[in-house]
Amino acid sequence: MGKTNIVITGFMGTGKTSIGTLVAQKLGREFIDTDQLIAKRLGLSINEIFEKFGESFFRTKEKEVLLELSKKSNLVISTGGGSLVPKENQKIMEKNSLIFCLQCDTDEIIKRTSNDNSRPLLKENKHIEIQRLLKRRESAYNKIKLQINTTRISIDEAADEIINIYLNQQ
Ligand code: S3P
């Protein structure tokens, strides 16, 4: 028996939440979005959490949630874009999850995130911030074996690709 959870990670705007929701629906599995879970537990939006408590507090909460979810089975989990950047967090999730990293061309990420102000790290100069963060995180994302480029495929195609790979490793 292979690893039972599916974890979907990758940079902001690559499609993690939409694709994760669809994968869970198609497999009849429970879906968890780590950002939504943290926001719900604290009764605050991600923006409010960053504003009131700062990024490092958010990262601590994020790690707590990952540790908790790593002990569960049969979940489809979408993470926040920074969640699996620390190597340690990748290790935690690897134990019981097949991890997929979504990649997307920078121009498309800029387009997809342009009308959304729910991301505290992309407040001003979105374009520049995206390029800066991508560069800083590139090597961490590239350490993940299973990569899916979502620039030119639909949510449905990406979900099917994830499901096929997952079922083939069982
Ligand atoms: C972050 C990505 C966000 C959210 C927070 C920080 C990041 O999630 O966790 O704003 O560091 O890349 P999405 O990737 O779902 O936007």
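**The sheet and its surroundings**

Author: Strand S1 (residues 5–10) and strand S3 (residues 75–78) are paired in the parallel sense over 3 bridges. Two strands are said to pair if DSSP finds at least two bridges between them. The strands (E, at least two residues) and the helices (H or I, at least four residues) are DSSP runs, numbered from the N terminus. This is a predicted model, in which local features need pLDDT of at least 70 and side-chain atom pairs count only at pLDDT 80 or more, while totals for chains, interfaces and linings use all residues. Residues are numbered from 1 along each chain as its sequence is written, and side-chain values use heavy atoms, with hydrogens and water left out.

In general, strands of a sheet pair through backbone hydrogen bonds, either parallel or antiparallel.

The whole sheet is open and has 5 strands in the order S2-S3-S1-S4-S5, with parallel pairing. Strand S2 (30–33) and strand S5 (146–149) stand at the edges with a single partner strand each, so one side of each is left without a neighbour in the sheet. On average, neighbouring strands of this sheet are turned by 20° against each other, direction ignored. Axes here are lines fitted to C-alpha atoms, for helices over the stretch in contact, and angles run from 0 to 180 degrees between N-to-C directions.

Buried means under 20% relative accessible area, exposed over 50%, and partly exposed in between (1.4 Å probe, protein chains only).

Two helices may be described against the strands. Helix H2 (residues 34–42) lies across S2 and S3 and runs at about 75° to S2. Helix H7 (residues 126–142) lies across S1, strand S4 (97–103) and S5, at about 145° to S4.

Other helices pack against each other. Two packed helices are described by the angle between their axes and the distance between the axes. Helix H4 (residues 55–70) and helix H5 (residues 87–94) pack at an angle of about 20°, with their axes 8 Å apart. H4 is therefore roughly parallel to H5. Angles under 35 degrees count as roughly parallel, over 145 as roughly antiparallel, 65 to 115 as roughly perpendicular and the rest as oblique. The contact (heavy atoms within 4.5 Å) is made by Lys63, Leu66, Leu67, Leu69 and Ser70 of H4 and by Glu88, Asn89, Ile92 and Met93 of H5. These residues divide into 5 nonpolar, 2 polar and 2 charged. Ala, Val, Leu, Ile, Met, Phe, Trp, Tyr, Cys and Pro count as nonpolar, Asp, Glu, Lys and Arg as charged, and the others, Gly among them, as polar.

Asn89 of H5 counts as buried because its relative accessibility is 5%. Not counting residues up to four places away in sequence, Asn89 touches Lys63, Leu66, Ser83 and Leu84.

H4 also meets helix H3 (residues 46–53): the two axes come within 7 Å and cross at roughly 125°. H3 is therefore oblique to H4. Ile46, Ile49, Phe50 and Phe53 in H3 meet Glu55, Phe57 and Phe58 in H4. By class, this contact of H3 with H4 has 6 nonpolar, no polar and 1 charged residues.

Between H4 and S3 runs a loop that holds Lys72. Lys72 counts as partly exposed because its relative accessibility is 39%. Not counting residues up to four places away in sequence, Lys72 touches Asn5 and Asn96. The C-alpha atoms of Lys72 and Asn5 are separated by 7.9 Å, although these residues are 67 residues apart along the chain.
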